[in-house]
Amino acid sequence: GQYITGRPVFKEKTAYDIPNNRITYLHCTAPFKLLGPEGPFSDYDILTHGDSRYVGASPSVKYPVGDLTTIKISVLEKKIALRHGRVLGSVMDEKGCRNKVLVEANAKRVLENYDEETFGWHRVSFAGESKDEMKMAAKLLGLEIVDEDD
């Protein structure tokens, strides 16, 4: 994905807010240059590491508002899961993972189409809208496309 988008990935797991059509993407690490190696550094804070009872340090990266594309490839099943959302901002909260990104998305459809058995728990996200490019790459690789937000 990084070769297609030119941007680093944010590995994440999710928490769903179905009534408000929002998903919080969270993990303990995140890239500092979300818009690619030539892009600006994102603002960040160095905080205690929330998942390990505050032992150690973890960066908390401030995500820019804008589009976000999320994918996961299952090599064994020859499938790719895809979804799109719009970043509303970062969530600052001491509980759990330090990097939390609030995303407006079709949360109900994503949860209904979420296939943990095939794709596992984590997904990776890229700043920007690159769903069409990912679909083209999937076709070239012979992957079945699972559109999680459709």
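**Figure 1. Charged side chains of the predicted model.** Lys and Arg are counted here as positive and Asp and Glu as negative, whereas His and the chain ends are left out of the count. The structure shown is a predicted model. On this basis the chain carries 21 positive and 23 negative side chains. The centres of these two sets lie 3 Å apart. The accessible surface of the chain amounts to about 8200 Å², and carbon and sulfur atoms contribute 53% of that area.

**Figure 2. Overall fold of the chain.** Four helices and nine strands make up the secondary structure of the chain. Their order along the sequence is α-β-β-β-β-β-β-β-α-α-β-α-β. The radius of gyration is 15 Å, close to the 15 Å given by the globule rule for 150 residues, so the chain is as compact as a globular protein of that length. The C-alpha trace spans about 45 × 35 × 30 Å along its principal axes. Of the 150 residues, 45% count as buried.

**Figure 3. The largest nonpolar core.** This core contains 14 residues, and the members that touch the most others are F10, I23, Y25, Y63, V87, V101 and V103. Strand β2 (22–27), strand β7 (99–104) and helix α2 (107–113) each supply at least two residues of the core. In soluble globular proteins, nonpolar side chains tend to be buried together.

**Figure 4. Surroundings of V101.** When residues up to four places away in sequence are not counted, V101 touches F10, I23, T24, Y25, Y63, V87 and G89. Among these partners, F10, I23, Y25, Y63 and V87 are also listed with V101 as the core members that touch the most others.

Figure 5. A separate core of seven residues includes I71, I80, L82 and A138. I71 belongs to strand β5 (residues 66–74). With a relative accessible area of 5%, I71 is classed as buried because this value falls under the 20% limit.

**Figure 6. Surroundings of I71.** Beyond its neighbours within four places in sequence, I71 is in contact with I80, A81, L82, R123, V124, F126 and M134. Of these partners, I80 and L82 are among the members of the second core, together with I71. The view also relates I71 to H27: the two residues are 44 positions apart in sequence, and their C-alpha atoms are 15 Å apart in space.

Key:
Residues are numbered from 1 along each chain as its sequence is written. This is a predicted model: local features need pLDDT of at least 70, side-chain atom pairs count only at pLDDT 80 or more; totals for chains, interfaces and linings use all residues. Side-chain values use heavy atoms; hydrogens and water are left out. The radius of gyration is taken over C-alpha atoms; the globule rule is 2.2 Å times the number of residues to the power 0.38. Buried means under 20% relative accessible area, exposed over 50%, partly exposed in between (1.4 Å probe, protein chains only). Accessible areas come from the Shrake-Rupley method with a 1.4 Å probe; for residues, only the protein chains shown count as cover. The place of a charge is taken as NZ of Lys, CZ of Arg, CG of Asp or CD of Glu. Contact means heavy atoms within 4.5 Å. A nonpolar core is a set of buried Ala, Val, Leu, Ile, Met, Phe, Trp, Tyr and Cys residues joined through side-chain atoms within 4.5 Å.
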